[in-house]
Structure formats: structure tokens, C-alpha cells
Amino acid sequence: MKKFLRNYNFEDYFDSLILSRGKSYYKGNRILDIWCQQDLVTAYIDGSEIYRIEIRANDKELNNFYCSCPYSEDGEYMCKHIAAVLYYLEENDIPELEISNKKKVKREKNKSELSKIYDEMNYELRKISDRSGFVNYYNGRYFVDLVSNVSNYVDGFIDNEEYNNAFELIKYTYRFIKDTFMDGSMVNFKIHYI
């Protein structure tokens, strides 16, 4: 666990309305995932869609910030999503190199293992898709990682002689790949497999 921004007055950088909305996002548990790697904090917030926030910070200063929302994605403005993460950082320790998702843990208690995997795949896809539902060029590598990780689950099912689950997961993954829209560098296209 790591601490950030304990003695830093970030509120001076925000408009009061944005701060107020950011605080309500924080208090409303809209932060889905948050973790850090060295001085980079990465978070996902449930807004009108799921936005990715990256903040470079330490316990004394805010060095850089990014949010994928339309208001802030060019880096010129600090948005309510960044404010929500900063409020979180002010009051909480952050897990290093691990992802926590409080909402997902509650939902998963009574689901089958396949349902959990399907939900995780769709959740991860939403995180890397833009507001139009496309996986852009830069997030393509995360999509490849997402699909590649399915083989670990398939291997586990086979090792436990759960062949039906392995086959169902392979079928689901095929449809998942087929139905995912990718945003090319110049032209939008859909992945097709024969």
C-alpha cells in the first residue's frame, strides 16, 4: 500500500463546481479500480462511461494528470474525475501493482466460474473501449492481452477435467473477438475470423 498527496492542497487547481462534483463522485463510490506503480496512479471511474485517469504524484506534489473524458482528454483542464481520484488519494492508501474492485467483489459471490470470467472479459473490454464502443489503436495491445489471458482459464478447466467449461469458454471467446469493434489508425473496422 502506498500513500499520496497527504499534505497537498490540490483544490486550488479546480473550479469550485468541478471540485463539488468530483467529491460527490468520490463519496458515491464511482471509482471502480485504482492502483499505483511507483509514482503513477491509474484509476477507472464510472461516469457517463468508464473513464481512465492517470496521475503522476507523490506525497508532496502533483506532477502530471490525464483523463479520457471529453472535458480533460487534451490535458488542458482538470475534470471532476481527476478531482474524485485526488480526494481518494487524500484519504486512502493505494494498492501497488494490484487492482481492487469493491463493486465487482460483491456481485461475484454467487456466480458460476464461467459467468465470472465472462463478466471480467466484458468489464475489461469496457475499460479499453472509447465512448463509441471501439477499441482504439493504442488500446489494441490491451485487447490482445485480454484475449490471451483466456488461455489460462481454459488450461485450468482442462487440468481439472472440466472439458465442457473449457469448450464453452473457447466458444464465448470466439464470439467475443468476432463482435469486438476495433478502431484502426484511419478507418474503423471489425475483426472477422473465418
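Colleague: Helices (H or I, at least four residues) and strands (E, at least two) are DSSP runs numbered from the N terminus, so where is Asp93 found?

Modeller: Asp93 is in the loop between α2 and α3, and α3 covers 102–107. This is a predicted model, where local features need pLDDT of at least 70 and side-chain atom pairs need 80 or more, while totals for chains, interfaces and linings use all residues. Numbering starts from 1 along each chain as its sequence is written, and side-chain values use heavy atoms, without hydrogens and water.

Colleague: Thanks! How exposed is Asp93?

Modeller: Asp93 has 27% relative accessibility, which makes it partly exposed (buried is under 20% relative accessible area, exposed over 50%, partly exposed in between, with a 1.4 Å probe on protein chains only).

Colleague: And how far is the C-alpha atom of Asp93 from that of Cys36?

Modeller: Those two C-alpha atoms are 9.9 Å apart, for residues 57 positions apart along the chain.

Colleague: Let's zoom out. How many helices and strands does the protein chain have?

Modeller: The protein chain has 6 helices and 7 strands. Read from the N terminus, the order is α-β-β-β-β-α-α-α-β-α-α-β-β. The protein chain has 194 residues, and 41% of them are buried.

Colleague: What share of the contacts joins residues at least 24 apart?

Modeller: That share is 58%, counted among contacts between residues at least 6 apart in sequence (contact means heavy atoms within 4.5 Å).

Colleague: Back to single residues. Is His81 buried or exposed?

Modeller: His81 is buried, because its relative accessibility is 4%. You'll find His81 in helix α2. Leaving aside residues up to four places away in sequence, His81 touches Tyr25, Ile45, Tyr51, Ile53, Cys67 and Cys69.

Colleague: Nice. Which residues touch the most other members in the largest nonpolar core?

Modeller: Phe14, Ile34, Ile53, Ile55, Ile82, Val85 and Leu86 do, in a core of 30 residues. A nonpolar core is a set of buried Ala, Val, Leu, Ile, Met, Phe, Trp, Tyr and Cys residues joined through side-chain atoms within 4.5 Å.

Colleague: Which elements give two or more residues to this core?

Modeller: They are α1 (16–27), β1 (31–37), β2 (40–46), β3 (50–57), β4 (62–67) and α2 (80–91). Helix α2 supplies the largest share, 8 residues. There is also a second, separate core of 19 residues, with Ile117, Leu125, Leu146 and Phe157 among its members.

Colleague: Now the helix packing. At what angle do α4 and α6 pack?

Modeller: Helix α4 (residues 113–128) meets helix α6 (residues 163–178) at about 20°, and their axes are 11 Å apart. Axes are lines fitted to C-alpha atoms, for helices over the stretch in contact, and angles run from 0 to 180 degrees between N-to-C directions. From α4 the contact uses Leu114, Ile117, Tyr118, Met121, Asn122 and Leu125, and from α6 it uses Asn165, Glu168, Leu169, Tyr172, Thr173 and Phe176.

Colleague: How far apart are the axes of α4 and α5?

Modeller: They are 10 Å apart, and the angle between α4 and α5 (residues 140–159) is about 170°. In α4, Glu113, Leu114, Ile117, Met121, Glu124, Leu125 and Ile128 meet Tyr142, Phe143, Leu146, Val150, Tyr153 and Phe157 in α5.

Colleague: Last topic, backbone angles. What is phi of Asn29 near?

Modeller: Phi of Asn29 is near 55°, a positive value in a residue other than glycine. Asn29 sits in the loop between α1 and β1, and Asn29 is exposed at 51% relative accessibility.

Colleague: And what about phi of Glu161?

Modeller: Phi of Glu161 is near 60°, a positive value in a residue other than glycine. Glu161 belongs to the loop between α5 and α6, and Glu161 is exposed, with a relative accessible area of 59%.
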